[in-house]
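Open the model in your viewer and keep the selection tool handy. We will go from one stop to the next, with a word on what to look for at each.

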Amino acid sequence: MMAGRTFGAKLAAGFGLTLALTLLMTATSALALHYVSATNEKVVKTASSSLVEAQTLSGLMDRRLADFRAYLISGTPEWLNTVNQDRGTFLAQLARVRDTLDDAAAEKLLNTVTTAEGQFNTLIGQVLARRQKIKALSDVAQIRVDGMKPAREALQATIDSLIKRIQKVVADSRKESADRATWAILCLLGIGAVLIVSSAGVAWRLSRDLRREVGAAVGHIQSSSSELEAAAAQQASGGRDQASAMSEITTTISELLITSRQIADSAQRVSKIAEDTADAARTGDATIDQTRASINAIRAQVDQIVQHMLSLGEKSQQIGTVVDLVSELAEQTNILAINATIEASGAGEWGRRFAVVAEEIRKLADRTAGSAKEIRALIEDVRGAVNTTVMATEIGAKAVDAGSRQFDDATNSFRRIVQLVATTSDATREIELSTKQQTTAVEQVNSAASDTARASRETEASAVQTKQTAAHLSTLSGDLLDLVGTRGH
Amino acid sequence: MTALVFRAGPLLCALRLDEVLETMRPMPTLPLAGTPAFVLGISVLRGVPAPVLDVCRLLGGGPGELRRYITVGTERGAVAMASGEVIGIRPVHPEPAGGHPALLGGASSRLVAGVDTVGAEPLLLLQSMRAVPDEVWEAAAAAGVP
């Protein structure tokens, strides 16, 4: 049940159990004392009240008889009153005795006493009545009442029986009280034995656990102290190595600090160059805009040339249409002239003259047709030249477009370069700033490395101290093992 | 003698001017089945149907460029002769069959009335009335053309 509990908890549980048993012992003792005390009180009560009151009855009876005799002798009313008062006192005593009784037999005897006293008092009343009638003391001896003596003896006997009964009750109570006291003592002895056994068990259990657990813990402490001693030795060695390494690191960081400062200076120069490059790029951007405007103007001029050449082609086509019409008219005129000549050939002299005119007309028509043919050829040449020019111009326009696109690409590349230059400038500034921060950080690291070297030396000294302390702790652990008696376990 | 000189393919030909009725551009021509190869078909000229002969095929046997129809009057109506370019009206002085009728062949001897020269080229003077065989007119009558 106590497995897994700490030794402190076990110790507390043991002391708690012992304390509980002690409390039980104390409570039991208190109860036993109370019980014995109640019994004794009952005995004392019986002895001091019932028995005394009962014995008082006997005394009152004697005093009543004495006063009765005094009245018989004196015959005075005072003694008569005294006798009467004695009976009242006796009855009152009977009542007190009845109040103190708690035994049935005694109460029954008390009732017998009451009855006997009534009979006796009746006889006494007869005697007193006779005595009142007698004047002379010598006549008193003549008073005879039968049963007076037996009644008095019976009353006395009943009183004695009552007293004996009460004495017996007292004796019984005393015996009962003695028995109860003996029983209480036995109970206390039993509980004391249980308490002693439990305390011994708790002590044995605590001692065993102390030896086992504390011994094991002290053993662990001893082994841990040995390990701690070894670790402290190793730590001392490591501290020396660490101090040496930190010295080298400090030297390296100093060199790194110098290099960082050189990098910061270089980054500052690169930043200046990048800013100059960005300014030159912005100047080149204006030139690019001008060049782009020139290219757009060339493109517009080429478009106008194309439009003019296409218009020239259309005009040539219209001229060709007119020439075709002229050629058609010339051909028709040729046919008409020939037909006129044919008709004129059969018309005599006038016909011959007309034939001459018709022949001239035919020749004119032929010349017109020839000229129209030449014009047609020229127009075809012009159209061919126009088409060639248009094609060449379109090729030129495409070349201009391609050049414009390439220029756009070049412009975009240039602007990209400008952006990259700006980015490079920003990055260079960041590098410059970072390098300065790095320089500051390296200085801080250098300081921290120096502190670390000092701390390493302090750690070494502390490790040596720890080693000594661990050795002392190991010795103390051995002593403690001897104390708890688990050496060699 | 005055004649209308024209080209028929590579040949330079002439027709007597008093036989020629008119020159004109080629008109729509319907081909006729069962006719010789030199008959292009029949065409309506001035409201009158007339057979159309290809002078180049008639004389040379090969195809030639057709640029004019030359109508010639015969006893049985006008005949259109498809030719090349019309050169004009020239005075010609042909010799009958070039002096060598046997060398010009059988059928051809009936087509060429005489031969003259224009520059370095020979000029064939055609006999149009004899150039149209009867089968042409029979074919034209069979086509139902009035």
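Two residues are in contact if their C-beta atoms, placed from the backbone, lie within 7 Å. With that rule, 56% of the contacts in chain B with a separation of 6 or more are between residues 24 or more positions apart. Please keep in mind throughout that this is a predicted model.

**Stop 1: chain B as a whole**

Chain B has 146 residues, and 37% of them count as buried.

**Stop 2: a loop residue in chain B**

Now zoom in on Arg46(B). You will find Arg46(B) in the loop between strand E5 (39–45) and strand E6 (48–54) of chain B. Is Arg46(B) buried or exposed? Arg46(B) has 11 within 10 Å, so Arg46(B) is exposed. Check the backbone here too. Most residues other than glycine have a negative phi. The phi of Arg46(B), however, is positive, near 55°.

**Stop 3: chain A as a whole**

Of the 489 residues in chain A, 16% are buried. What share of the contacts in chain A between residues at least 6 apart in sequence join residues at least 24 apart? The share is 86%.

**Stop 4: helix H1 of chain A**

Select residues 7–74 of chain A, which form helix H1. These 68 residues reach 96 Å from the first C-alpha to the last, close to the 100 Å expected at 1.5 Å a residue. Follow the helix to Val52(A), where H1(A) bends by about 25°.

Next, show side chains for the buried residues of H1(A). Gly14(A) is one of them, and the list also includes Val43(A), Thr46(A), Ser50(A), Glu53(A), Ala54(A) and Leu57(A). Further along, Met61(A), Arg64(A), Asp67(A), Phe68(A) and Tyr71(A) are buried as well. The buried residues of H1(A) pack against helix H2 (77–100), helix H3 (104–133) and H4 of chain A.

**Stop 5: helix H2 and its packing on H1**

Trp79(A), Val83(A), Asp86(A), Phe90(A), Leu94(A) and Val97(A) are buried in H2(A). The buried residues of H2(A) pack against H1 and H3 of chain A.

Turn the view until H1(A) and H2(A) lie side by side on your screen. Their axes are 9 Å apart and the packing angle is about 170°, which means that H1(A) is roughly antiparallel to H2(A). The residues of this contact divide into 13 nonpolar, eight polar and seven charged.

**Stop 6: H1 against H4**

Now bring in helix H4 of chain A. H1(A) and H4(A) pack with their axes 9 Å apart, at an angle of about 170°. H1(A) is therefore roughly antiparallel to H4(A). In this contact the residues divide into 33 nonpolar, 18 polar and eight charged.

**Stop 7: Ser271 in H4**

Stay with H4(A) and select Ser271(A), which is found in this helix. Why does Ser271(A) count as buried? Because Ser271(A) has 20 C-beta neighbours inside 10 Å, and a residue is buried if it has 20 or more. Which residues does Ser271(A) touch, not counting those up to four places away in sequence? They are Ser425(A), Thr428(A), Arg429(A) and Glu432(A).

**Stop 8: where the chains touch**

Finally, show both chains together. The contact takes nine residues from chain A and eleven residues from chain B. On the chain A side, helix H4 (148–345) and helix H5 (348–484) each supply at least two residues. The largest share of this side, six residues, comes from H4(A). Coloured by class, the side of chain A that touches chain B has three nonpolar, four polar and two charged residues.

Key
Residues numbered from 1 in each chain as written. Chains lettered and ligands numbered in written order. Predicted model: local features only at pLDDT ≥ 70, side-chain atom pairs only at ≥ 80, totals over all residues. Helix = DSSP H or I, 4+ residues; strand = E, 2+ residues; numbered from the N terminus. Nonpolar A, V, L, I, M, F, W, Y, C, P; charged D, E, K, R; others polar. Expected span 1.5 Å × (residues − 1). Bend = angle between axes of the 7 residues up to and from the residue. Buried ≥ 20, exposed ≤ 12 C-beta atoms within 10 Å, placed from the backbone. Axes fitted to C-alpha atoms, helices over the stretch in contact; angles between N-to-C directions. Parallel < 35°, antiparallel > 145°, perpendicular 65-115°, else oblique.
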